[in-house]
Amino acid sequence: MTDDVIVTHELSRRFGELVAVRDVSLRVHRGEVFGLLGPNGAGKSTLIRMLCGILDPTGGHGTVVGFDIAREAERIKERIGYMTQRFSLYEDLTVVENLEFYAGIYGVPRRERRARIDEVIAHAGLEPRRRQIAGTLSGGWKQRVALAAATIHHPPLLFLDEPTAGVDPVTRRAFWDEIHALAVGGTTILVTTHYMDEAERCHRIGFIFAGRLLDQGRPQEVVERRHLKAAEIEVEDPVRVRASLVTRPDVQSVEPFGHALRVVTTGVDPVELVRAIATPIHARRSPASVEDAFVAIVRAQELTLGALA
């Protein structure tokens with residue numbers, strides 16, 4: 001394996017007339033946490049299914065963990081871990097029984113299984129729940145079991161599809177600490193998420209929309225390329241001010257932010273823009289975020305597609 005664990009060149013997938021993934025060229029480096037962002041229906045799941053060797057591409061080519069996506073899918077499946085947003089383990093089995101099952105599925109040699117199971121149970125803090133029926137676990141504990149099962153064979157590449165959907169913020173933070181610990185140990189991780197604060201914790205991110213990978217890079221690089229300016233501004237009549245701003249092409253978003261409006265613009269100072277409409281009670285400029293960049297990219301693509309329709 002090279003330092004690039006995932007390499008694709010113009011990877012595409014059609015379903016009849018529908019192009020679900022279009023000409024995606026991507027590189028994910030060893031030991032990297034790469035976040036794949038996009039709205040529902042953007043093509044994230046289809047792309048991941050191709051990278052996992054589950055779905056054949058209809059165009060382009062690529063390699064995952066050194067093996068060709070189209071010709072060596074079974075070799076890829078042996079060397080990856082996969083965790084979905086839905087609890088996919090057997091709820092009527094105990095924690096240890098689930099791990100025994102997945103150790104077998106992933107081909108962990110019998111002589112190594114007990115030690116490997118004990119290792120992931122200890123690492124995930126599951127020892128007190130070792131004999132507990134999986135279906136009786138809380139969402140956070142189920143998540144730990146699912147991650148333990150996905151990594152029991154020490155895969156060099158781990159796919160996480162919306163792994164923290166529906167769990168509380170404290171559990172999410174703990175889970176992301178574990179993700180980064182795996183990356184430090186050399187595991188490459190590709191994760192999809194709708195939580196923009198999680199995206200900011202990735203080493204690099206990619207935005208996918210309508211099947212196209214529109215941008216990729218470090219979170220701050222992607223944000224800076226949008227040339228966005230943001231501010232939280234308190235005014236006397238936020239409803240009227242918002243109505244005056246939302247139709248402007250240089251305004252990306254205007255959203256309630258406590259007692260203020262959070263205004264994100266392109267190429268113009270949001271405070272000065274509001275000042276032309278109303279006198280601000282209080283204004284504070286702030287850095288643009290990954291979420292701001294996400295909204296700007298989606299909005300620009302929707303406008304483009306609308307103009308072509």
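Modeller: Gladly! One definition to start with: two strands pair if DSSP finds at least two bridges between them. With that in mind, strands β1 (residues 4-15) and β4 (residues 59-64) are paired in the antiparallel sense, over five bridges. Please remember throughout that this is a predicted model.

Colleague: Thanks! How many helices and strands are there in the protein?
Modeller: The chain has 309 residues, and 49% of them are buried. Its C-alpha trace spans about 75 × 45 × 35 Å along the principal axes. As for the elements, the protein has eleven helices and 14 strands.

Colleague: Which residue in the turn between β1 and β2 has a positive phi?
Modeller: β1 and β2 form a hairpin, with two residues between the strands. In that turn, a positive phi of about 65 degrees belongs to G16.

Colleague: Now a helix. How far apart are the end C-alpha atoms of α6?
Modeller: Helix α6 covers residues 169-184, which is 16 residues. At 1.5 Å a residue it should span 22 Å, and the model agrees with that. The end C-alpha atoms are apart by 23 Å.

Colleague: Within what arc do the buried residues of α6 fall, seen down its axis?
Modeller: The buried residues of α6 are T171, R172, F175, W176, E178, I179, L182 and A183. An α-helix has 3.6 residues a turn, so residues three or four places apart point the same way. In α6 the buried residues line one face of the helix, because they fall within an arc of 155 degrees.

Colleague: And which exposed residues does the face turned away from the buried side of α6 carry?
Modeller: At the start of the helix, a side-chain oxygen of D168 comes within 3.0 Å of the backbone nitrogen of V170. After the helix comes G186, with a positive phi near 110 degrees. The face turned away from the buried side carries the exposed residues P169, V170, R173 and V184.

Colleague: Which residue in β13 stands opposite V254?
Modeller: β12 and β13 (residues 260-266) are antiparallel and share six bridges. Opposite V254 stands V263.

Colleague: How many disulfides does the structure hold?
Modeller: A disulfide needs two cysteine sulfur atoms within 2.5 Å. For C52, the nearest cysteine sulfur is that of C202, 17 Å away. C52 is buried, with a relative accessible area of 2%, and C202 is buried too, at 5%. The number of disulfides is zero.

Colleague: One last one: what separation do the C-alpha atoms of I189 and Q252 have?
Modeller: I189 lies in strand β8 (residues 188-192) and is buried, with a relative accessible area of 0%. Along the chain, I189 and Q252 are 63 residues apart. Their C-alpha atoms are separated by 31 Å.

Key. Residues are numbered from 1 along each chain as its sequence is written. This is a predicted model: local features need pLDDT of at least 70, side-chain atom pairs count only at pLDDT 80 or more; totals for chains, interfaces and linings use all residues. Side-chain values use heavy atoms; hydrogens and water are left out. Helices (H or I, at least four residues) and strands (E, at least two) are DSSP runs, numbered from the N terminus. The expected span of a helix is 1.5 Å times one less than its number of residues. Buried means under 20% relative accessible area, exposed over 50%, partly exposed in between (1.4 Å probe, protein chains only). The arc is that of the directions from the helix axis to the C-beta atoms. A polar contact is a pair of N or O atoms within 3.5 Å; within protein, one must be able to donate a hydrogen and the other to accept it, and residues adjacent in sequence count only if both atoms are side-chain atoms.
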